[in-house]
Amino acid sequence: MTGVREPQQERSRTTRRRLVEAALDSFGERGWHGVTVAGIAERAGVSRGAAQHHFPAREDLVVAAVDLLGEAQIDELRAQAAGLPSGASRIERVVEMVLNLYTGPLFRAALQLWSVAATDEALRDVLVPLEARVGREAHRVTVELLGVDESRPGVRELVQATLDLARGLGLANLLTDDTRRRRQIVREWARTLELRLAGD
């Protein structure tokens, strides 16, 4: 019995993952109003019935999509953490890692959702607590990678400013390739953090 059940569970997890990834791609390309569960199912190569079994409404897909987005960001940070240098150069590398998180198709999909949530109360009610949880985790991992003590005055705010800066630069990168300017900002912001966090 167990041998039969586990492959079914694995198939179910695979189907959910395909649907969520298709949802993120669709939100990024077409926006909230251009996406339906049926369209996502077609993109994922999944039957409409199977899609509605896992996600009866788009809002259910949003919950899973934001979770996946948050997990992907944290996984990426942790994967890169193994190669971090020690000393002052570590700060610049962590800043670069964090700022580069907020580029690409996953961030574009998140922006589409944020934009609609500004005027769609139902979507906002779903999105706000999810974003708060994802934001707290990103903050926690950034503190860990920087190796700083948040009990010191101003440290928490500096870490949050790093994440806010990353989101702003990600937004600027939507219309034009902002890579060169981002590199310059990484260096300057890292110097600022080095000076302010020197006591840690």
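**Figure 1. Lining of the largest cavity.** Leu24, Ala65, Val66, Leu69, Ala110, Leu113, Trp114, Leu127 and Glu131 form the lining of the largest cavity in this predicted model. The volume of this largest cavity comes to about 40 Å³, and the structure holds 3 cavities of 30 Å³ or more. At least two lining residues come from each of H4, H6 and helix H7 (121–146). Sorted by class, the lining of the largest cavity consists of 8 nonpolar residues, no polar residues and 1 charged residue.

Figure 2. The secondary structure of the protein amounts to 9 helices and 0 strands, so that, by the run definition applied to helices and strands, the pattern read along the sequence is α-α-α-α-α-α-α-α-α. The C-alpha trace spans about 55 × 45 × 30 Å along its principal axes. The domain assignment of the protein gives domain 1 (1–55) and domain 2 (57–196), and the centres of domain 1 and domain 2, taken over C-alpha atoms, are separated by 26 Å. To the contact between them, domain 1 gives 17 residues and domain 2 gives 17 residues.

**Figure 3. The largest pocket and the residues that line it.** By class, the lining of the largest pocket has 5 charged residues and 3 nonpolar residues, with no polar residues.

**Figure 4. Packing of H4 with H7.** The axes of H4 and H7 are 10 Å apart and the two helices pack at an angle of about 10°, which makes H4 roughly parallel to H7, given that angles under 35 degrees count as roughly parallel. Counted by class, the contact of H4 with H7 has 14 nonpolar, 2 polar and 8 charged residues. Both H4 and H7 also supply at least two residues each to the lining of the largest cavity.

**Figure 5. Crossing of H6 and H8.** Helix H6 (residues 105–117) and helix H8 (residues 155–172) have axes that come within 11 Å and cross at roughly 95°, and H6 and H8 are therefore roughly perpendicular to each other. On the H6 side the contact is made by Phe107, Leu111 and Trp114, and on the H8 side by Arg167, Gly170 and Leu171. By class, these residues in the contact of H6 with H8 divide into 4 nonpolar, 1 polar and 1 charged. Trp114, which takes part in this contact, is also one of the residues that line the largest cavity.

**Figure 6. Packing of H8 with helix H9.** H8 and helix H9 (residues 179–196) pack at an angle of about 175°, with 12 Å between their axes, and these two helices are therefore roughly antiparallel to each other, since angles over 145 degrees count as roughly antiparallel. In this view, Leu158, Ala161, Thr162, Leu165, Leu169 and Ala172 of H8 meet Arg181, Arg182, Ile185, Trp189, Leu193 and Arg196 of H9. The contact of H8 with H9 has, by class, 8 nonpolar, 1 polar and 3 charged residues.

How values were computed:
Residues numbered from 1 in each chain as written. Predicted model: local features only at pLDDT ≥ 70, side-chain atom pairs only at ≥ 80, totals over all residues. Heavy atoms only, no water. Nonpolar A, V, L, I, M, F, W, Y, C, P; charged D, E, K, R; others polar. Axes fitted to C-alpha atoms, helices over the stretch in contact; angles between N-to-C directions. Helix = DSSP H or I, 4+ residues; strand = E, 2+ residues; numbered from the N terminus. Parallel < 35°, antiparallel > 145°, perpendicular 65-115°, else oblique. Contact = heavy atoms within 4.5 Å. Domains from an automatic or database assignment. 1 Å grid on protein atoms, 1.4 Å probe; cavity = no way out; pocket = protein on both sides within 12 Å on 5 of 7 lines; lining within 4 Å. Points joined across faces, edges and corners; volume = space filled by probe spheres on them.
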